[in-house]
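Hello,

Here is the structure we talked about. Please open it alongside this email; my notes follow below.

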Amino acid sequence: MNVGIDALYAYIPGNYIDVRQLAIARAEGRDPLKILNLVGQKEMAIPFNFEDIVTMSANAVKGMLEHFNTDVSQIERIVMATESSFDFSKAGASYVQELVGLKKETEVYEVKHACASGTYALLDAVNAVRAGEIKSAVVVMSDICRYERGSSAEYTQGAGAVAVLVAKNPRIIAIEPKTGTCSFNVADFYRPAGCETPIVDGKLSIESYINAVQGSFADYAHKIMLNESEILERLDNIIFHTPFPKMAERAYFALCKNLNYANSERHFEKKVKPSLSIPSRVGNVYTASLYLALASALESADREGIAGLFSYGSGCTSKFFTGIVMPYAGNIIRSLGISKQLSARRKLSIEEYERVFYDQDSIDNDYRGFKVKSIKNGYREYGSV
């Protein structure tokens, strides 16, 4: 039985900054080109001060339900994956369930393991549909990636949400059953309770990411009993969790070098690079990063094929799995108009960016969607405009 992603929709905040301009503003005598070459980022999405993970999730889910004319009576689960939660008890998906009008019989919960949360939520939903436990499920990944002002990680921030509908006979991608796993305890990323910005060991995080790619890929090869180089040849797309484009590129070439894979340069242009286009204009969206990269890869797809997907969560855990891209998946993703959505955003000056992103101040806006109306005793009230 084919089960996988039947619908997908991305919500990206309507503001952005030019990373080149940010690098120049923060240069302090350093060469800004070196900074840009290290991350490969072009633009970063910046949310309004009245947006949070719930509003972005609700915008993504509502957009998906409307665009795909989804029968909501068939949805029996909604899961939010996030590492930006503001409540360590109540699931953010509870708010989303109400805002988009899902029935009370819907299972509602939240998943956490850094950026890999979205993948665990997705695979759990796929298994539940495959087993006949539920008819279909919504998985929404939503995050605001925020680092210290002036830090080296500032160039890799971002915000957004991706919603997917998991169902039988999917129109976009059918997830294959076998997955490769690599997990080990490492202190590469830590966000203390009540703190909006994490403590990051950048060098260790990159090393852990690359080790996890190699480990999960080897485990996947062992489980399906194929040579690792044969798998690379078999894949039409290779899609990575993309905190910044150069990370995915670096991981791909490290994997190929480890396997002595001869076609790495040629296949990078065809199999990996298309997935980096949208992430390079949005930035790091943590749990949604892999699925924004998937949308980017499929936007340029013109036929069915096999996609390999790598998911990484700091701390750390990782998954490598594959999916069969459906014949009209490219047409479906192109119909979402993600590139048009990106081009329609408002470009912020560095001063405006600092005001809205760090100081939580308001700016003039043209916004349609869900917003935080008030926060009383920690409980959030939402509305729409």
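Buried here means under 20% relative accessible area, exposed means over 50%, and partly exposed is in between, with a 1.4 Å probe and protein chains only. This is a predicted model: local features need pLDDT of at least 70, side-chain atom pairs count only at pLDDT 80 or more, and totals for chains, interfaces and linings use all residues. Residues are numbered from 1 along each chain as its sequence is written, and side-chain values use heavy atoms, with hydrogens and water left out.

Start at Arg 380. It sits in strand β16, residues 379–384. Strands (E, at least two residues) and helices (H or I, at least four) are DSSP runs, numbered from the N terminus. Arg 380 has a relative accessible area of 18%, so it is buried. Its side chain makes a polar contact of 2.8 Å with that of Asp 52. A polar contact is a pair of N or O atoms within 3.5 Å; within protein, one must be able to donate a hydrogen and the other to accept it, and residues adjacent in sequence count only if both atoms are side-chain atoms.

Setting aside neighbours within four places in sequence, Arg 380 is in contact with Asp 52, Phe 86, Tyr 95, Ser 374 and Ile 375. Contact means heavy atoms within 4.5 Å. Arg 380 also lies over the face of Phe 86, at 3.8 Å from the ring centre. For that label, NZ of Lys or CZ of Arg must be within 6 Å of the ring centre and within 35 degrees of the ring normal. Lys 371 lies over the face of Phe 50 in this sense, at 4.5 Å from the ring centre.

**Aromatic pairs**

The structure holds 18 aromatic pairs. Rings of Phe, Tyr and Trp (its six-membered ring) pair if their centres lie within 6.5 Å; planes under 30 degrees apart count as stacked, over 60 as edge-to-face and the rest as tilted. Phe 86 and Tyr 95 have ring centres 6.2 Å apart and planes at 50°, so this pair is tilted. Phe 86 is partly exposed because its relative accessibility is 27%. Tyr 95 is at 4%, so it counts as buried. Phe 86, Tyr 95, Tyr 379 and Tyr 382 form one aromatic cluster.

Which kind of pair do Tyr 353 and Phe 357 make? Their ring centres are 5.8 Å apart and their planes are at 20°, so they are stacked. The two are about one helical turn apart because they are four residues apart in helix α14, residues 350–358. An α-helix has 3.6 residues a turn, so residues three or four places apart point the same way. Tyr 353 is buried at 0% relative accessibility. Phe 357 is buried too, at 1%.

Helix α14 is mostly covered: seven of its nine residues are buried. Among them are Ile 350, Glu 352 and Glu 354. The buried residues of α14 pack against β2 (15–18), α1 (19–25), β3 (43–46), β6 (136–145) and β14 (346–347). Just after α14, Gln 360 takes a positive phi of about 55°.

**Cores**

A nonpolar core is a set of buried Ala, Val, Leu, Ile, Met, Phe, Trp, Tyr and Cys residues joined through side-chain atoms within 4.5 Å. The largest has 131 residues; Leu 8 and Phe 240 touch the most other members. Leaving aside neighbours within four places in sequence, the contacts of Phe 240 include Tyr 209, Val 213, Leu 290, Ala 293 and Phe 310. A second, separate core of five residues includes Cys 145, Tyr 147, Phe 189 and Tyr 286.

For Cys 145, the nearest cysteine sulfur is that of Cys 115, 7.8 Å away. Cys 145 is buried, at 0% relative accessible area. Cys 195 is partly exposed, at 26%. Its sulfur is 13 Å from the closest cysteine sulfur, in Cys 145, which is too far for a bond.

**One loop**

Glu 105 sits in the loop between α4 (92–100) and β5 (107–111). It is exposed, with a relative accessible area of 60%. The C-alpha atoms of Glu 105 and Ser 73 are separated by 9.8 Å, although these residues are 32 apart along the chain.

Best wishes

Technical notes. Disulfide = S-S within 2.5 Å.
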